[in-house]
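Please work through each task before reading its solution.

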Amino acid sequence: MFCFIPRNCGISRTVFPTTTTRVGIIGAGNVAARHADVLSGFSDVTIAGIADTDPRRSGALGARHGCPAYGSHTDLLDAGGLDAVYICVPPFAHGNPEEDVLECNLPIFVEKPLSLDLSTAEKIATEIDRRGLPSAVGHHWRYLDIVDQARELLADRPVRLALGHWLDKVPPVGWWLKPEMSGGQLVEQAVHVLDLARVLVGEVTMVHAVPAENATDGEVDRATAAVLRFAGGAAGMLAATSLLARKHRAGLEVHAEGVSLDLSEDRLLVDGETTVQDGGAAKVRVDRTFIDAVQGKEADVRVPYREALKTHRLALALARSAAEGRPVTTADV
């Protein structure tokens with residue numbers, strides 16, 4: 001790959017606030033389209049190009065946003081003129097895109113999950129750190145207003161019980177049911193709940209996941225129950241299934257002395273009585289803060305890549321426990 005990006009490669013990243021940030025997007029699926037829609041609404045951002053291995057998808061999304069479309073991420077990078085790159089690819093496709101973007105010394109936004117394994121993600125995190133580049137991962141739940149309110153309500157009361165759920169259908173993509181492509185539901189979907197648990201409860205030291213017997217050999221586990229032990233002493237449980245006809249529930253309950261909180265992506269239920277709706281701006285904030293960081297502004301990036309790696313390690317520990325049929329300590333993953 002020839003990385004001809006004279007504004008970035010090997011050059012100090014001093015960016016003035018009035019600069020229009022030129023963003024490239026790798027991947028043209030639903031999540032990439034969502035980011036493109038948000039980014040196109042920022043007056044200081046231009047979508048400079050979209051790449052996907054399916055030229056029809058990149059062409060359609062590129063036409064929607066008036067930018068060039070490319071059949072590979074290397075073509076996008078070789079075209080040059082980028083200030084940052086979003087990587088919105090399936091789990092099995094992570095690795096090479098991140099490495100090539102970082103070789104061009106470009107800030108990077110990565111959609112979860114980070115990869116199928118730990119070593120790929122660790123290598124990427126090390127390279128981001130070495131280059132000192134801004135980074136972010138799409139754990140947008142951390143930007144929910146109700147998460148901030150939950151933390152205030154918990155105050156100095158440590159959580160003692162956490163109950164996570166991701167009860168849903170199979171997503172409409174051909175690779176999702178293949179474990180070697182998606183990593184399974186715990187890694188691909190429930191990772192949002194695991195990340196929220198780390199925010200409200202703390203780090204997890206041990207997990208024990210038990211999958212239901214699969215009706216079809218070679219598919220991901222369609223139902224899993226797990227026990228989690230938190231470093232602070234809390235006990236936790238996680239239930240996940242993709243057997244349903246629609247999404248039934250996705251969220252986290254936390255219980256502390258004198259207070260019970262139940263969070264989903266759009267509302268907080270306090271003590272089973274008071275409902276607080278989220279303001280709905282989290283998916284905009286996660287992009288805005290990253291762009292601010294790229295522009296050199298003070299930015300509240302809540303999940304840089306290194307932080308997301310901790311959640312990824314937890315998800316992989318659960319996946320390993322389910323596969324091996326034994327408890328797994330997260331330090332051993």
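Predicted model: local features only at pLDDT ≥ 70, side-chain atom pairs only at ≥ 80, totals over all residues.

Residues are numbered from 1 along each chain as its sequence is written, and side-chain values use heavy atoms, with hydrogens and water left out.

**Exercise 1. Determine how many cavities of 30 Å³ or more the structure holds, and describe the lining of the largest cavity.**

Step 1. A cavity is a set of points, on a 1 Å grid over the protein atoms alone, where a 1.4 Å probe fits but cannot get out; lining residues have an atom within 4 Å of a point. Grid points are joined across faces, edges and corners, and the volume is the space filled by probe spheres set on the points.

Step 2. Two cavities of 30 Å³ or more are found, and the largest has a volume of about 70 Å³.

Step 3. The lining of the largest cavity includes A162, V193, F230, M237 and L252. At least two lining residues come from each of β7 (159-167), α9 (191-200), β9 (223-230) and β10 (235-241). Helices (H or I, at least four residues) and strands (E, at least two) are DSSP runs, numbered from the N terminus.

Step 4. Sorted by class, this lining has ten nonpolar, two polar and no charged residues. Here Ala, Val, Leu, Ile, Met, Phe, Trp, Tyr, Cys and Pro count as nonpolar, Asp, Glu, Lys and Arg as charged, and the others, Gly among them, as polar.

**Exercise 2. Which element gives the most to the lining of the second largest cavity?**

Step 1. The second largest cavity has a volume of about 40 Å³; K112, H139, V191 and T311 are among the residues that line it.

Step 2. Helix α11 (residues 305-324) gives the most, with three residues.

Step 3. By class, the lining of the second largest cavity divides into five nonpolar, three polar and one charged.

**Exercise 3. Count the salt bridges and characterise the pairs K123 with E99, E253 with R249, and R288 with D292.**

Step 1. A salt bridge requires a side-chain nitrogen of Lys or Arg within 4 Å of a carboxyl oxygen of Asp or Glu; the count comes to 28.

Step 2. K123 and E99 form a salt bridge at 3.5 Å, N to O. K123 belongs to helix α5 (residues 118-131) and E99 to helix α4 (residues 96-103), so the pair ties together parts that are 24 residues apart in sequence. With buried set at under 20% relative accessible area, exposed at over 50% and partly exposed in between (1.4 Å probe, protein chains only), K123 is exposed at 53%, whereas E99 is partly exposed at 30%.

Step 3. In the bridge between E253 and R249, the closest N and O atoms are 2.7 Å apart. E253 is buried at 15%, while R249 is partly exposed at 28%.

Step 4. For R288 and D292 the closest N and O atoms are 2.9 Å apart. The two lie four residues apart in helix α10 (residues 282-294), and are therefore separated by about one helical turn. D292 is buried at 15%.

Step 5. A network of salt bridges links R142, D195, R198, E203, E307 and K310.

**Exercise 4. Is Q189 buried or exposed, and which residues does it touch?**

Step 1. Q189 lies in the loop between α8 (185-188) and α9.

Step 2. Its relative accessible area is 7%, so Q189 is buried.

Step 3. Leaving out residues up to four places away in sequence, Q189 touches W166, D168, K169, P171 and W176, where contact means heavy atoms within 4.5 Å.

How values were computed
1 Å grid on protein atoms, 1.4 Å probe; cavity = no way out; pocket = protein on both sides within 12 Å on 5 of 7 lines; lining within 4 Å.
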